[in-house]
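Reader: Before we go into details, could you take me through how one reads a model of this kind?

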Amino acid sequence: MASASTSKKRKRDDNESKISFALSSQPKSQLGPVLANFPAIKPPKSTPFHCYQTEKVTVDEDTQFAELPTLVAGETDAVDFFSSSETRRASVGSRYFVAVHNKRTKTTTIREAPLHILTHQVKALKSLKPAEVSTLQRLEARAALGESFGTKKAKQAIKARERNKVDASAMETVADHLQESIQRNTQALPSREEAQATADSTRLVPPYDPDAETPSEIYPLHNVIPEVEWKTLSPSAIIQASSGMERKALLTYQRSNWVNQHLNLVCASPSPSKTHIKILMYISIMMSFRNLTIRKFDKLTVYEKLSAVPSIVIDGLMSRFTETPRGSTEPQSTSQTETLLLTHMFALCLRIDDYATDTTIIANDLSQKVATINALFKSLGCKISKLTIHDLKRLGLPDSAGETKRAVLSTPLVFPKPRVKRRT
């Protein structure tokens with residue numbers, strides 16, 4: 001009998017210990033329980049709280065109450081409690097549920113609940129505005145913290161800032177003096193026109209006429225080739241030559257395709273232009289002179305290798321396109337003198353080409369990049385562009401030549417403006 005009663009009691013206890021779980025049958029969007037966290041002051045248990053929706057959103061059957069934008073607020077006689085801005089951040093990545101157990105039905109009902117972190121504000125302090133803190137006060141407070149808790153390196157940086165700090169109040173007494181001093185010193189500065197004139201006078205180009213009305217007047221011939229040197233050049237031997245090979249052999253520099261092509265074109269005319277032949281002869285001399293002086297050179301060696309050139313021409317090239325360092329008797333070429341030599345040469349090339357020169361051939365003759373040669377032509381006031389149909393007809397060139405960019409010199413003369421570096 002005892003064993004039978006024991007078995008019945010155990011069976012009754014097992015039935016009582018069974019618990020079932022169920023989800024809440026209320027609509028998902030209906031107002032439900034809220035989890036509140038009070039990290040600072042906790043209100044009395046009797047404090048009433050209300051839940052408000054902060055944004056107007058469309059609510060349907062699948063909208064969860066926990067996902068709605070809500071605010072929980074309550075108050076006592078002295079303090080207001082309300083949801084803080086940390087509420088949304090605290091719920092990211094987590095979901096919270098509230099369970100209610102019914103002892104009679106032995107059912108635990110589960111429903112999702114939003115989490116709210118509540119902050120507070122003392123009602124008596126609402127009307128008081130916080131004291132404004134200046135930038136100087138912030139810096140001073142930061143320095144004090146650094147002095148107390150900073151590393152050795154941070155303390156050294158604070159001391160360095162203190163040493164470099166400028167006392168603005170001390171500058172007030174000298175402001176008028178500084179202004180007068182600036183005005184007095186700036187009176188000696190050149191005007192914009194004077195500064196432009198100074199810049200133009202230092203350009204590495206031949207002497208020019210800024211008021212020229214035609215391209216031929218911009219760089220007069222004898223501003224490039226002095227008249228004394230011009231008179232020593234004789235074109236008769238080249239005119240009498242019967243072939244291009246003979247003419248080429250009479251040139252000082254024989255490896256220039258540009259000079260050879262133009263010389264053959266000039267001599268193919270029934271009445272060759274002596275002026276053009278002499279200019280081509282001078283360009284050839286300049287090319288040979290450049291090759292001999294571009295590196296360290298001996299003056300006597302230059303005269304020996306240019307023995308066929310009148311000595312007065314070599315003397316003129318030496319004086320204009322080389323420099324003699326202080327304390328030395330040997331001339332040398334510099335980047336400035338080489339640029340000056342090339343711009344003089346290109347001014348002559350423009351004259352031969354009727355002021356529209358193909359720079360690619362010249363770049364190959366001088367073993368330079370086309371961009372480098374174009375930059376020098378631009379410094380003369382040229383524009384690098386394709387020729388128009390009118391220019392092609394004027395120069396007697398075929399239509400196919402219009403695809404090639406050339407250095408074109410025109411009036412009024414306009415020099416390129418210096419580039420201004422952008423601040424980074």
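Author: What follows goes from the chain as a whole to a sheet and then to a core. Please keep in mind throughout that this is a predicted model.

Reader: How many helices and strands does the protein chain have, and what percentage of its residues is buried?

Author: The protein chain contains 20 helices and 11 strands, and of its 424 residues, 29% are buried. Among contacts between residues at least 6 apart in sequence, 64% link residues that are at least 24 apart, while the exposed surface comes to about 29,200 Å², with carbon and sulfur atoms supplying 53% of it.

Reader: In what order do the strands of the open sheet lie?

Author: Strands of a sheet pair through backbone hydrogen bonds, and the pairing can be parallel or antiparallel. Here five strands form an open sheet in the order S2-S8-S5-S4-S3, with mixed pairing; its edges are strand S2 (35-37) and strand S3 (49-53), each of which pairs on one side only. Direction ignored, neighbouring strands of this sheet are turned by 30° against each other on average. Within the sheet, strand S5 (residues 79-83) and strand S8 (residues 115-122) run antiparallel and are joined by five bridges, and Asp80 has Gln121 in S8 as its bridge partner.

Reader: Which residues of the largest nonpolar core touch the most other members?

Author: In this core of 58 residues, they are Tyr219, Ile283, Phe346, Leu348 and Phe377. Several helices each supply at least two core residues, including helix H17 (335-352) and helix H19 (370-379), but the largest share, 10 residues, comes from H14. Leaving aside neighbours within four places in sequence, Tyr219 is in contact with residues including Val205, Tyr208, Ala347, Leu380 and Phe415.

Notes. Residues numbered from 1 in each chain as written. Predicted model: local features only at pLDDT ≥ 70, side-chain atom pairs only at ≥ 80, totals over all residues. Heavy atoms only, no water. Pairing = 2+ DSSP bridges. Helix = DSSP H or I, 4+ residues; strand = E, 2+ residues; numbered from the N terminus. Axes fitted to C-alpha atoms, helices over the stretch in contact; angles between N-to-C directions. Buried < 20%, exposed > 50% of the residue type's maximum accessible area, 1.4 Å probe, protein only. Contact = heavy atoms within 4.5 Å. Areas by Shrake-Rupley, 256 points an atom, 1.4 Å probe, with all protein chains shown as cover. Core = buried A, V, L, I, M, F, W, Y, C linked by side-chain atoms within 4.5 Å.
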